[in-house]
Amino acid sequence: GGRPNGNAGATVAEERQGSAIEMDEAREADRVHDAQRGDREAYRELIRHYQRPVYRLCYALTRSHEEASTLAAETFGRGLAEIERLPEGKRFFPWLLRFARNLSVTRARRRAEADATNTPKPSTSAAASTEATVELEQRLLDVLGDLRPDEQMALALRIGERLPYSEIARLLDHSAGVTLSRLSSARALLLTRTRDGVGDLS
């Protein structure tokens with residue numbers, strides 16, 4: 001009897017891990033409330049909790065460490081400027097992601113003009129399986145540039161954060177059907193661009 005219970009526990013643990021990207025809801029509400037009243041330390045706590053997932057999503061949107069750092073900083077800056085407009089009861093992270101998306105669209109327009117004049121660096125292949133994995137991941141990131149921002153974010157949440165579809169849909173404020181559609185579109189494009197496939201996106 002112990003084995004089935006262990007499996008059930010693992011499933012619950014996976015679901016909790018998928019949602020672990022967000023701060024405890026009561027704690028977050030308290031920090032947001034304090035930040036709305038001008039408490040900068042409360043907002044810094046929100047930054048500390050969300051800076052890693054925000055950065056990773058920004059990297060998926062920009063495919064540049066420098067631009068991702070800048071975009072993440074701009075995202076948190078916009079969040080601070082608009083924190084008083086965050087409706088009571090609405091989670092902070094999905095609300096913040098909208099700023100990242102909108103700012104990335106603006107930056108992408110400028111980046112597209114610059115990229116048009118730059119030639120891509122030739123990729124160097126190595127025998128080590130670790131470097132082969134890095135090469136595949138880099139190709140996946142390169143293809144992300146051909147996806148729409150919502151598809152980029154959905155894919156980054158699925159691959160980078162390993163979140164379940166239901167969680168991705170909630171974070172992006174989409175229906176499950178829309179999320180699956182966006183991920184299917186992204187997966188189809190990735191499959192046509194990468195010889196080795198893209199791993200488990202299903």
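Glu-22 lies in the loop between helix 1 (2–19) and helix 2, where helices (H or I, at least four residues) and strands (E, at least two) are DSSP runs numbered from the N terminus. At 9% relative accessibility, Glu-22 counts as buried; buried means under 20% relative accessible area, exposed over 50% and partly exposed in between, with a 1.4 Å probe and protein chains only. The model is predicted: local features need pLDDT of at least 70, side-chain atom pairs count only at pLDDT 80 or more, and totals for chains, interfaces and linings use all residues. Residues are numbered from 1 along each chain as its sequence is written, and side-chain values use heavy atoms, with hydrogens and water left out.

**Overall fold**

- The chain has 9 helices and 0 strands, in the sequence order α-α-α-α-α-α-α-α-α.
- Of the 202 residues in the chain, 39% are buried.
- Among contacts (heavy atoms within 4.5 Å) between residues at least 6 apart in sequence, 65% join residues at least 24 apart.

**Surroundings of Glu-22**

- Leaving aside residues up to four places away in sequence, Glu-22 touches His-49, Tyr-50, Arg-91, Phe-93, Pro-94, Glu-167, Arg-170 and Leu-171.
- Glu-22 also belongs to a network of salt bridges with Glu-25, Glu-28, Arg-91, Glu-167 and Arg-170.

**Salt bridges**

- A salt bridge is a side-chain nitrogen of Lys or Arg within 4 Å of a carboxyl oxygen of Asp or Glu, and by this rule there are 12.
- Arg-91 pairs with Glu-25, their closest N and O atoms being 4.0 Å apart.
- Arg-91 lies in the loop between helix 4 and helix 5 (92–115) and Glu-25 in helix 2 (residues 25–36), so this pair ties together parts that are 66 residues apart in sequence.
- Arg-91 also forms a salt bridge with Glu-28, at 2.8 Å from N to O.
- This second pair links distant parts of the chain, with Glu-28 in helix 2 and Arg-91 in the loop between helix 4 and helix 5, 63 residues apart.
- Both partners are buried: Arg-91 has a relative accessibility of 14%, and Glu-28 has a relative accessible area of 2%.
- Asp-30 and Arg-31 form a salt bridge at 3.3 Å from N to O.
- Asp-30 is partly exposed at 34% relative accessibility, whereas Arg-31 is buried at 11%.

**Packing of helix 3 and helix 4**

- Helix 3 (residues 40–62) and helix 4 (residues 65–82) pack at about 140 degrees with their axes 8 Å apart; axes are lines fitted to C-alpha atoms over the stretch in contact, and angles run from 0 to 180 degrees between N-to-C directions.
- The two helices are therefore oblique to each other, given that angles under 35 degrees count as roughly parallel, over 145 as roughly antiparallel, 65 to 115 as roughly perpendicular and the rest as oblique.
- The contact includes Tyr-43, Ile-47, Tyr-50, Val-54 and Tyr-55 of helix 3, and Leu-71, Ala-72, Phe-76 and Leu-80 of helix 4.
- The residues of this contact divide into 13 nonpolar, 6 polar and 2 charged; Ala, Val, Leu, Ile, Met, Phe, Trp, Tyr, Cys and Pro count as nonpolar, Asp, Glu, Lys and Arg as charged, and the others, Gly among them, as polar.

**Burial of helix 7**

- Helix 7 (residues 149–159) is mostly covered, with 10 of its 11 residues buried.
- Its buried residues include the charged side chains Asp-150, Glu-151 and Arg-158.
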